[in-house]
Amino acid sequence: YYFYSAPENFNEEMLRGKRVIVTGASSGIGEQMAYHLARMEAHLLLTARTEAKLQKVVRRCLELGAASARYVSGSMEDTTLPDVVVQEAENTWGGLDMLILNHIGYSYFNYFDGDVEHVRKLLEINFLSYVAMTVSALPMLKESDGSIVVLSSMAGRIGTPFIAPYTATKFALEGFFSSLRQEFIMEKVNVSVTLCVLGYIDTENAVQAVSHAVRDKPAPKEECALEIIKSGALRQRELHYPPRLVGNLLLLQAIAPDFLDSLIRGNYKAEQLCLSRMHQKSVTHSIKHPF
Ligand SMILES: NC(=O)C1=CN([C@@H]2O[C@H](COP(=O)(O)OP(=O)(O)OC[C@H]3O[C@@H](n4cnc5c(N)ncnc54)[C@H](OP(=O)(O)O)[C@@H]3O)[C@@H](O)[C@H]2O)C=CC1
Ligand SMILES: CC(C)CCC[C@@H](C)[C@H]1CC[C@H]2[C@@H]3C(=O)C=C4C[C@@H](O)CC[C@]4(C)[C@H]3CC[C@]12C
């Protein structure tokens with residue numbers, strides 16, 4: 001808990017005047033991170049697909065005290081977007097202090113349906129675009145001794161049912177960015193890599209997607225967003241949030257993996273899932289081939 005939970009020695013002034021990119025900032029945890037950073041008087045560059053939402057978030061950030069706030073809209077399915085976003089930071093600020101990689105593409109919550117194309121697309125949005133953003137931003141981050149913050153999940157450490165494609169993208173991030181962290185240390189590159197291992201958080205999209213089928217109660221997105229910023233600013237290796245839940249589950253994984261798996265299965269209401277699956281089909285008219 002000591003190493004990976006809410007750090008005590010954080011000071012909000014650490015973020016004053018810092019130049020920060022936040023992806024997936026139009027809703028959920030990304031939006032809340034933008035508001036905290038604005039209060040701390042950082043310069044913000046936000047991105048997501050929905051321009052109307054980004055405009056609202058930017059306006060609110062300026063009201064809250066952001067040193068500056070702007071956005072670039074677009075989908076991370078578009079492989080040119082990562083470079084466009086980073087270029088915008090370079091053109092307006094001439095540098096970058098923190099890169100917060102947070103966006104995720106839509107996925108279903110159900111038994112894996114065999115749709116390989118969907119897994120490919122999700123890897124592009126949730127994983128490859130994170131790699132591309134990092135490659136583009138690295139020269140500026142090296143220059144500023146900056147920080148990379150990557151949003152992962154308990155589902156990036158532990159196999160959890162009904163989100164196989166999503167889980168794959170989070171395991172990929174964990175592997176790629178822990179490897180990169182090792183290389184940075186070996187090459188004396190002073191750029192920190194913080195991996196955020198989150199449990200269930202009460203964002204609108206998450207609650208809508210899973211609340212009918214998950215027994216666990218979600219943790220608050222506002223506090224979660226603040227802990228992420230703290231751990232990035234303090235250049236922590238990882239954040240566990242909520243700290244006790246994530247810490248205990250990872251410990252259990254190390255000593256009793258089968259028991260942990262059964263605990264996780266017990267946390268789901270599979271009957272609810274079947275109903276919603278039929279509902280989803282009748283609504284979207286998508287014919288898929290469940291295993
Ligand atoms: N909520 C939870 O329970 C948990 C969340 N996490 C992680 O936290 C992070 C944030 O999650 P949360 O706040 O719940 O997510 P939300 O669904 O609330 O937000 C996702 C963001 O990504 C954007 N987005 C969606 N599709 C694309 C796309 N194709 N290209 C670019 N941007 C896109 C959305 O905006 P728009 O639609 O406008 O593009 C939105 O701003 C994620 O990395 C998630 O994996 C981890 C564990 C648990
Ligand atoms: C053993 C239990 C106490 C803990 C189980 C924790 C479970 C319930 C937690 C851990 C990680 C969580 C998922 C996650 O990482 C991100 C998203 C994306 C969002 O758009 C939809 C919800 C979803 C799938 C979360 C669903 C709930 C998950 C599986």
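In ligand 1, an oxygen atom sits 2.8 Å from a side-chain N or O atom of S26. That is a polar contact: a pair of N or O atoms within 3.5 Å, where pairs within protein also need one atom able to donate a hydrogen and the other to accept it, and residues adjacent in sequence count only if both atoms are side-chain atoms.

This is a predicted model, in which local features need pLDDT of at least 70, side-chain atom pairs count only at pLDDT 80 or more, and totals for chains, interfaces and linings use all residues. Residues are numbered from 1 along each chain as its sequence is written, chains are lettered from A and ligands numbered from 1 in the order in which they are written, and side-chain values use heavy atoms, with hydrogens and water left out.

## Ligand 1

The protein covers 92% of the 900 Å² of accessible area that ligand 1 has on its own. Accessible areas here come from the Shrake-Rupley method with a 1.4 Å probe; for residues, only the protein chains shown count as cover.

The shell holds 30 residues, and R49, T50, Y166, T203 and N205 come nearest. A residue is near a molecule or strand if one of its heavy atoms lies within 4 Å of it. By class, this shell has 13 nonpolar, 15 polar and 2 charged residues. Ala, Val, Leu, Ile, Met, Phe, Trp, Tyr, Cys and Pro count as nonpolar, Asp, Glu, Lys and Arg as charged, and the others, Gly among them, as polar.

Four helices, α1 (28-39), α4 (116-144), α5 (164-186) and α6, each supply at least two residues of the shell around ligand 1. Helices (H or I, at least four residues) and strands (E, at least two) are DSSP runs, numbered from the N terminus.

## Ligand 2

Around ligand 2 there are 15 residues, with S153, M154, Y166, N267 and Y268 the closest. The protein covers 86% of the 620 Å² of accessible area that ligand 2 has on its own. Two elements give two or more residues to this shell: α6 (204-210) and α8 (243-255). The largest share, 3 residues, comes from α6. By class, the shell around ligand 2 has 12 nonpolar, 2 polar and 1 charged residues.

Which side chain has a polar atom 2.6 Å from an oxygen atom of ligand 1? Y166 does. The Y166 side chain also has an N or O atom 2.8 Å from an oxygen atom of ligand 2. The table sets out side-chain contacts of both ligands.

| Side chain | Ligand atom | Distance |
|---|---|---|
| S75 | nitrogen of ligand 1 | 3.1 Å |
| Y166 | oxygen of ligand 1 | 2.6 Å |
| S153 | oxygen of ligand 2 | 2.6 Å |
| Y166 | oxygen of ligand 2 | 2.8 Å |

## Aromatic cluster

The structure holds 6 aromatic pairs. Rings of Phe, Tyr and Trp (its six-membered ring) pair if their centres lie within 6.5 Å; planes under 30 degrees apart count as stacked, over 60 as edge-to-face and the rest as tilted.

F109 and F162 pair edge-to-face, 5.8 Å centre to centre, with 70° between the planes. This pair links distant parts of the chain. F109 is in the loop between β4 (98-101) and α4, F162 is in the loop between β5 (147-151) and α5, and they are 53 residues apart. Both are buried. Buried means under 20% relative accessible area, exposed over 50%, partly exposed in between (1.4 Å probe, protein chains only).

Y111 and F162 also form an edge-to-face pair, at 4.9 Å centre to centre and 80° between the planes. F162 has 11% relative accessibility, so F162 counts as buried. F109, Y111, F162 and Y268 form one aromatic cluster.

## Cysteines

How many disulfides does the structure hold? It holds 0. A disulfide is a pair of cysteine sulfur atoms within 2.5 Å. The sulfur of C196 is 7.7 Å from the closest cysteine sulfur, in C224, and therefore too far for a bond. C196 is buried, at 0% relative accessibility. C224 is buried, with a relative accessible area of 0%.

## Backbone exceptions

The peptide bond from Y241 to P242 is cis, with omega near -5°. P242 is in the loop between β7 (238-241) and α8.

K188 is not a glycine, but has a positive phi of about 55°. K188 lies in the loop between α5 and β6 (192-198). K188 is exposed, with a relative accessible area of 75%.

R235, also not a glycine, has a positive phi of about 60°. R235 is in the loop between α7 (221-233) and β7. At 33% relative accessibility, R235 is partly exposed.
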